[in-house]
Amino acid sequence: MQMKFMERTLIGDLSSKKGEEVQIKGWISVSRDQSKMVFCDVRDRSGKVQGVVFGKPEVLEIAKTLKSEYVVSMTGMVNTRPEKAIKEGVVNGDIELEITGITILNAAETPPFDIMENSYGKDEEVRLKHRSLDLRTERMQRNMKIRSQFVKKCRDFLMNRDFTEIETPLLTESTPEGSRDFVVPSRHNPGKFYALPQSPQQYKQLLMNAGFERYVQIARAIRDEDLRADRGYEHTQIDVEMSFVERDEVMAIIEEMIISTVEEMGYEVKQKPFPKVTYAESMKKYGADKFDMRTQEDKENGILAYAWVIDFPFFEKTDKGDWTFTHNPFSMPKAEFIDDVLKGENIENILTTQYDLVCNGFEAGGGSIRAHKPEIIRAVYKVMGNTDEEIEDKVGHMLEAFKYGTPPHGGIALGVERNVMNLTGEESLREVQAFPMTRKGQTSVMNAPKALAPEQLVELGLSIKKLDNDKD
Ligand code: ASP
């Protein structure tokens, strides 16, 4: 049957089209064959509607073949439901679509799990293998949309305040953030490797040297870490850097951004302005540098409890007994400790300008004012046991750039996943990423990591040593 051309109406808009004939396109969620009538729930990105077919034998015949996840185009009349059948508070609860035409755009096999069940308690490997189906669930659609809104609102807030969005390279040299690097071999430079960025830290500081003054990037950070519920190999940061600012100015603008973003999204913030807690107080009171200030009632009401943690120690001892940085080697020590850093004295008591944003028990972000003078960066690396040659090799490019009039600057990175976990109430980072890795570090859907073909290895100048734990 040829259907006359009609513009598509989104299912979420059907309520405003009562008494009209419309065309919808989407997926069958469920369909119930009651012999003379077929009821089916149809959904698209905007919502769901109940449709009913009766009285039209040729349409009824097609309707009887419909199964879950079939893709259809339908025409129908938007009818107001009788008073008794109205479902209050449900999208399209006041209407029903009397279906007058059906075109099947694509059939579907029975999916490996029920899309309507929102995948709670389902085998995660199966979910990740068929991730595009898992993403069809209401839960995952909602999570992805909340994530998108959160990022958009933060970005808009900053763009309205004269920030420039600038992309930095993915193939780069290691930036220390306290994790191992993922490395990428180079065909043109056999035996040499790029590192994927653990953060854009050095580039964003160089952008301050370049005079942009206000930088933002929705940046991917890639770290070879032990995987945990709130930690993956890849995460996204709202990465910010500002020139001519003091610590409290960075904290203030970020606090304003977070409050306006989450309040616009309909959330309630427990305490404004965010309380500021020193690292020492936090350790004493909570035994950790992140904490959850919510009461049970706050938790039930989805309230967000933010706080700042400040005055962290700059250095800590490694297992081998050497000094290393606690957060960021490029941070500025607090003013009263700059002399100690320059002299390499009183190391265990030196505090940094680092600030962490904590929310509902998670570290939601962190940043610092940076050392904009080469001698301070050099002194920090000296404290960490580097020789002059090692310093040159590791941060020579920063020391060189910073000779030519680097403004005082500071910044922060907010973890998108951890923030969105708080907004959605999800307990795993994998629930707020579209295509996360499995717990064992396998990509969802695609098959990585995997072995390279022998020709690729030759081209890259690599040979693979047989590892002890190799099978056969
Ligand atoms: N680069 C830091 C991080 O990724 C954030 C910052 O200090 O701006 O955690």
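Strand 7 (183-185) and helix 13 (454-460) each give at least two residues to the lining of the second largest pocket. Strands here are DSSP E runs of at least two residues, helices H or I runs of at least four, numbered from the N terminus. A quick caveat: this is a predicted model, with local features needing pLDDT of at least 70 and side-chain atom pairs pLDDT 80 or more, while totals for chains, interfaces and linings use all residues. Residues are numbered from 1 along each chain, and side-chain values use heavy atoms, without hydrogens or water.

Back to the pocket. Its volume is about 770 Å³. Of its 23 lining residues, Phe182, Val183, Ala448, Pro449 and Lys450 are the closest to the centre. A pocket is an open set of points on a 1 Å grid where a 1.4 Å probe fits, with protein on both sides within 12 Å along at least five of seven lines; lining means an atom within 4 Å of a point. The lining splits into 16 nonpolar, four polar and three charged residues, with Gly counted as polar.

Five strands close in the order 1-2-3-5-4, with mixed pairing. Neighbouring strands are turned by 55 degrees on average, direction ignored. Strands 2 (37-44) and 3 (47-54) run antiparallel over eight bridges; pairing takes at least two DSSP bridges. Val38 has Val53 of strand 3 as its bridge partner.

Last, helix 6. Residues 247-264 span 26 Å from first C-alpha to last, close to the 26 Å expected at 1.5 Å a residue. Its buried residues (under 20% relative accessible area, 1.4 Å probe) include Arg247, Glu255 and Thr261. Just after helix 6, Gly266 has a positive phi of about 95 degrees.

Note on methods: Points joined across faces, edges and corners; volume = space filled by probe spheres on them. Axes fitted to C-alpha atoms, helices over the stretch in contact; angles between N-to-C directions. Expected span 1.5 Å × (residues − 1). Buried < 20%, exposed > 50% of the residue type's maximum accessible area, 1.4 Å probe, protein only.
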